[in-house]
Amino acid sequence: MMNKSSDKSVALKCESCKKPHSHDCHDSECGCSHEHTHEEEISKFKIILVVFSVVLLVAALLINIPALKIVLYILSVLIAGYDLFILGLKELVKLKLEENALLLVAVTTSFIIGEFPEACIVTILFKIGSFLESYAISRSKKSMKSL
């Protein structure tokens with residue numbers, strides 16, 4: 001899920017007018033007299049990263065070169081879970097054992113014991129769960145606004 005406070009200025013093209021613009025809020029106007037949000041563009045990019053991560057995992061499972069397999073596993077985990085791991089590190093520093101910190105511990109442990117595919121699968125499934133959670137929250141907010 002995206003943290004709005006950490007995303008101060010977003011520079012994207014408006015889907016309606018195709019003009020580049022930036023602002024501090026995702027529910028704002030770009031000056032072309034229509035409202036829009038950027039959740040779709042950001043989600044699409046993150047989905048593409050997860051799909052790429054799955055492709056790397058499958059490639060690692062099919063390749064028989066051990067060193068290359070490990071590199072592909074590491075790339076797969078980092079691409080799918082980089083934002084989750086950053087949050088997990090912040091939680092661990094604050095001594096909070098929340099879901100991102102536990103994910104970081106589980107993935108790190110999997111790598112230490114040599115269970116690379118499991119680390120990838122856990123990270124990818126956790127990321128998909130985060131997408132579904134964000135989607136459900138977004139739909140709930142839209143439903144509540146329509147009431």
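## The nonpolar core

A nonpolar core is a set of buried Ala, Val, Leu, Ile, Met, Phe, Trp, Tyr and Cys residues joined through side-chain atoms within 4.5 Å. In this predicted model, the largest such core has 19 residues. Tyr73, Val77, Phe85 and Val107 have the most contacts inside this core.

Which elements give two or more residues to the core? They are helix H1 (39-62), helix H2 (66-93), helix H3 (99-112) and H4. H2 supplies the largest share, seven residues.

## Contacts of Phe85

Set aside its neighbours within four places in sequence. Phe85 then touches Val77, Leu103, Leu104, Val107 and Thr123.

## Helix H4

Helix H4 covers residues 116-146, which is 31 residues. From first C-alpha to last, H4 reaches 45 Å. That is close to the 45 Å expected at 1.5 Å a residue.

Which residues of H4 are buried? They are Phe116, Ala119, Cys120, Thr123, Ile124, Lys127, Ser130 and Ser138. An α-helix has 3.6 residues a turn, so residues three or four places apart point the same way.

## The whole protein

The protein has four helices and four strands. Read from the N terminus, the order is β-β-β-β-α-α-α-α.

How much of the protein is buried? Of its 147 residues, 32% are buried. The accessible surface comes to about 9700 Å². Carbon and sulfur atoms account for 68% of that surface. Now consider contacts between residues at least 6 apart in sequence. Among these, 38% join residues at least 24 apart.

Key: Residues numbered from 1 in each chain as written. Predicted model: local features only at pLDDT ≥ 70, side-chain atom pairs only at ≥ 80, totals over all residues. Heavy atoms only, no water. Expected span 1.5 Å × (residues − 1). Buried < 20%, exposed > 50% of the residue type's maximum accessible area, 1.4 Å probe, protein only. Contact = heavy atoms within 4.5 Å. Areas by Shrake-Rupley, 256 points an atom, 1.4 Å probe, with all protein chains shown as cover.
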